[in-house]
Amino acid sequence: MADLWNGKKLPDRNVTHTNINYRLYDGRTGTLLSFNTTNSLGSLVADVLRTQSEHPDAQIHAVEYDGPAWR
């Protein structure tokens, strides 16, 4: 099955598993709401949705960093 966008086929691509180090902030207050390191975009999306559910008034702002929060 081809991926289509606006009726056009997107090029075939390989799945990657690159580490994503991120922190989720409330864009209005700057408060840190969550952080994680994962190699799964699905895990990041789940964290955003969970964080939004826990902080319904927050404007979620995600920032990717060059390393994990804890060393």
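Predicted model: local features only at pLDDT ≥ 70, side-chain atom pairs only at ≥ 80, totals over all residues.

Residues are numbered from 1 along each chain as its sequence is written, and side-chain values use heavy atoms, with hydrogens and water left out.

**Whole chain first.** Helices (H or I, at least four residues) and strands (E, at least two) are DSSP runs, numbered from the N terminus. Now show the C-alpha atoms: along the principal axes they fill a box of roughly 40 × 30 × 15 Å. The radius of gyration is 15 Å, while a compact globule of 71 residues would come in near 11 Å; that is taken over C-alpha atoms, and the globule rule is 2.2 Å times the number of residues to the power 0.38.

**Select Asn6.** You land in the loop between strand S1 (4–5) and strand S2 (8–9). Check the backbone: Asn6 has a positive phi of about 55°, yet it is not a glycine. Is Asn6 buried or exposed? It is exposed, because its relative accessible area is 71% (buried means under 20%, exposed over 50%, partly exposed in between; 1.4 Å probe, protein chains only).

**Jump to Thr38.** This one sits in strand S4 (residues 32–38). Thr38 has 10% relative accessibility, so it counts as buried. Which residues does it contact, leaving aside neighbours within four places in sequence? Show Thr18, Asn19, Ile20, Tyr22, Ser43 and Leu44; contact means heavy atoms within 4.5 Å. Then put a distance on the backbone nitrogen of Ser40, which lies 3.0 Å from a polar atom of the Thr38 side chain.

**Last stop, Asp47.** Look in helix H1 (residues 41–54). Asp47 is buried because its relative accessible area is 8%. Skipping residues up to four places away in sequence, Asp47 touches Tyr22, Leu24 and Ser34. Keep Tyr22 selected: it is on the contact list of Thr38 and on that of Asp47.

Key
Polar contact = N/O pair within 3.5 Å; in protein donor to acceptor, adjacent residues only side chain to side chain.
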